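Me: I have a structure open and would like to learn how to read it. Please go feature by feature, general idea before the case.

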Amino acid sequence: MATSVYKTAIIGRVFFLRWEAPPSQEEIHTVFQQMKGAHEQLRHPLVLVASLSPKSSVPNSEQRRNLSTFHSDARPLFTEIHAIVEGNDLQYNLQRVIISGINLVTRTFDEAFHRVHKHADLVAPYLGKSLGVDGVKLIEEARSRGVV
């Protein structure tokens with residue numbers, strides 16, 4: 001049985017997304033439909049926390065194009081986006097460069113809106129501030145569900 005490329009969960013007003021590997025166009029479409037459903041149900045403020053597994057490979061050019069389009073389409077659904085890029089320093093830096101490139105291409109680079117973190121614990125204070133929740137407990141719940 002193949003391992004799923006992604007996992008999602010909605011906890012409070014946070015849409016958690018975990019990529020275990022670079023997604024296909026169909027997987028991106030499925031996740032985007034879930035995001036739209038969450039947005040229709042919860043509206044703003046809705047925060048996205050997307051994490052990349054340390055075992056994930058670096059996306060190829062087609063996957064990067066698909067992720068760039070996905071990012072542009074998903075951006076209006078969220079008041080903040082946090083990307084968690086795990087892994088060793090080389091992989092972290094490669095993934096971070098790709099995310100920064102996507103932000104530049106889609107013209108969505110904004111430190112107040114889109115942040116890149118090395119691990120999930122760094123996201124907790126932002127969730128607490130923007131949503132008025134216990135960010136540490138939210139991250140713990142996400143960790144227990146396997147989405148960070």
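Reply: Start with pairing: two strands pair if DSSP finds at least two bridges between them. Helices (H or I, at least four residues) and strands (E, at least two) are themselves DSSP runs, numbered from the N terminus. This is a predicted model, in which local features need pLDDT of at least 70, side-chain atom pairs count only at pLDDT 80 or more, and totals for chains, interfaces and linings use all residues. Residues are numbered from 1 along each chain as its sequence is written, and side-chain values use heavy atoms, with hydrogens and water left out.

Me: Which residue in E3 does Phe-15 stand opposite?

Reply: Leu-48 of E3 stands opposite Phe-15. Strands E2 (residues 14-19) and E3 run parallel and are joined by six bridges. Further along, Leu-17 has Ala-50 of E3 opposite.

Me: How many helices and strands are there in the protein?

Reply: The protein has five helices and five strands. Read from the N terminus, the order of elements is β-β-α-β-α-β-α-β-α-α.

Me: What is the order of the strands in the sheet?

Reply: Strands of a sheet pair through backbone hydrogen bonds, either parallel or antiparallel. Here the five strands form an open sheet in the order E1-E2-E3-E4-E5, and the pairing is mixed. Strand E1 (6-11) and E5 are the edge strands, each pairing on one side only. From one strand to the next the twist averages 15°; angles run from 0 to 180 degrees between N-to-C directions, and axes are lines fitted to C-alpha atoms, for helices over the stretch in contact.

Me: Do E1 and E2 run parallel or antiparallel, and what is between them?

Reply: E1 and E2 are antiparallel, with six bridges joining them. Thr-8 has Leu-17 of E2 as its bridge partner. The two strands form a hairpin with two residues between them, and Gly-12 in the turn has a positive phi of about 65°.

Me: Which strands does E4 pair with?

Reply: E4 pairs in the parallel sense with strand E3 (residues 47-52), over six bridges. E4 also runs parallel to strand E5 (residues 114-117), with four bridges. Ala-83 of E4 is the bridge partner of Ala-50, and Ala-83 also stands opposite Val-116 in E5.

Me: Are the residues of E4 buried or exposed?

Reply: Buried means under 20% relative accessible area, exposed over 50%, and partly exposed in between (1.4 Å probe, protein chains only). In a regular strand the side chains alternate between the two faces of the sheet. For strand E4 (residues 80-85), six of its six residues are buried. Glu-80, His-82 and Ile-84 point one way, and Ile-81, Ala-83 and Val-85 point the other way. E2 likewise has six of its six residues buried: Val-14, Phe-16 and Arg-18 lie on one side, Phe-15, Leu-17 and Trp-19 on the other. Across the protein, buried residues make up 47% of the 148 residues.

Me: What is the handedness of the unit made by E3, H2 and E4?

Reply: A crossover is right-handed if, with the strands pointing away from the viewer, the path from the first strand over the helix to the second runs clockwise. E3, helix H2 (residues 61-74) and E4 make a right-handed β-α-β unit.

Me: At what angle do H1 and H2 cross?

Reply: Two packed helices are described by the angle between their axes and the distance between the axes. The axes of helix H1 (residues 25-42) and H2 cross at roughly 10° and come within 10 Å. That makes H1 roughly parallel to H2, because angles under 35 degrees count as roughly parallel, over 145 as roughly antiparallel, 65 to 115 as roughly perpendicular and the rest as oblique. Contact means heavy atoms within 4.5 Å. Gln-25, Ile-28, Val-31, Phe-32 and Met-35 of H1 meet Asn-66, Leu-67, Phe-70, Asp-73 and Ala-74 of H2.

Me: At what angle do H4 and H5 pack?

Reply: Helix H4 (residues 124-131) packs against helix H5 (residues 135-144) at about 120°, with the axes 7 Å apart. That angle makes H4 oblique to H5. Ala-124, Leu-127 and Gly-128 of H4 make the contact with Gly-135, Val-136, Leu-138 and Ile-139 of H5.
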